[in-house]
Amino acid sequence: MTIQSTTPPTSPPEGAAAIDQRTLRDAFGAFPSGVVAVAASVKGQLTGIAASSFTSVSIDPPLVSFSIAATSSTWPLLREAGRMGISVLADHHDVVCRQLAGPREERFTGLPFKVTTDGAVLLDEAVATYDCSVHAEVTAGDHVIVVLRVHRVGAGDGHHPLVFHRSAFAKLHRDDLDPSRLDGRINGADVDRGAAEGAPERSARDEAEDAA
Ligand SMILES: Cc1cc2nc3c(=O)[nH]c(=O)nc-3n(C[C@H](O)[C@H](O)[C@H](O)COP(=O)(O)O)c2cc1C
């Protein structure tokens, strides 16, 4: 496991004005994201959080990341997990998300999930799941960027993702992604019409990325 660290946070560079924290939080909140459950059974204890900082990082090797507050009381235990599960929350998981962000002892109460033999906790009805191990941790200001190696992925069962935007939950409007309104092209790549009908949702995006 690679552990790297940046220099500790400093005051703003000379001549630069400090950014008001409220302004910064609002600007961060303008960027919409999905939400994942990061969870594992560690030494027999279910542990995890909800995280909106999840993102894909690398195809080869397969890597993803999320950021966790340096003050987190959960991370010191969770990072000991040999494997941890990432479950992309579905748009009916708003209550689940709040529960996973709430009091530690209640986070998994009543939740439907599976635990792999290696201890990754994967939620039922997730949009996609990843079975991961910690690849690297990078201290970055008041957070730690956790890079995870992906060992296995689960495609989910067709649910739509929960969206987190401006401190509130939202749903995707699939009509906005109707290829017929996009003149058959996204970012110069041909749109896979099957993607709009639900099943292989990644195809159009993959093609767009390949074309970039
Ligand atoms: C929608 C949502 C997104 C969140 N995203 C993150 C995140 O990316 N990183 C993080 O450290 N905490 C995030 N949290 C907070 C954690 O889920 C959890 O409440 C926090 O880690 C609890 O503190 P603990 O780590 O001391 O248990 C998020 C909470 C919510 C409701």
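Predicted model: local features only at pLDDT ≥ 70, side-chain atom pairs only at ≥ 80, totals over all residues.
Residues are numbered from 1 along each chain as its sequence is written, and side-chain values use heavy atoms, with hydrogens and water left out.

**Exercise 1.** Find which residues come nearest to the ligand.

*Solution.* Start with the shell of 16 residues around the ligand, where near means a heavy atom within 4 Å. Ala50, Ser53, Ser72, Ser73 and Thr74 come nearest. Next, look at strands (DSSP runs of E, at least two residues, numbered from the N terminus): E4 (45-51) and E6 (63-69) each supply at least two shell residues.

**Exercise 2.** Find polar contacts (here, pairs of N or O atoms within 3.5 Å) between protein and ligand.

*Solution.* Begin with side chains: a polar atom of Ser72 lies 2.5 Å from a ligand oxygen, and a polar side-chain atom of Thr74 also lies 2.5 Å from an oxygen of the ligand. Then turn to the backbone, where a polar atom of Ala101 is 2.8 Å from a ligand oxygen.

**Exercise 3.** Decide whether Leu24 is buried, partly exposed or exposed.

*Solution.* First, locate Leu24: helix H1, residues 21-29 (helices are DSSP runs of H or I, at least four residues). Now recall the cut-offs: buried is under 20% relative accessible area, exposed over 50%, partly exposed in between (1.4 Å probe, protein chains only). Leu24 has 32% relative accessibility, so Leu24 counts as partly exposed.

Conventions
Polar contact = N/O pair within 3.5 Å; in protein donor to acceptor, adjacent residues only side chain to side chain.
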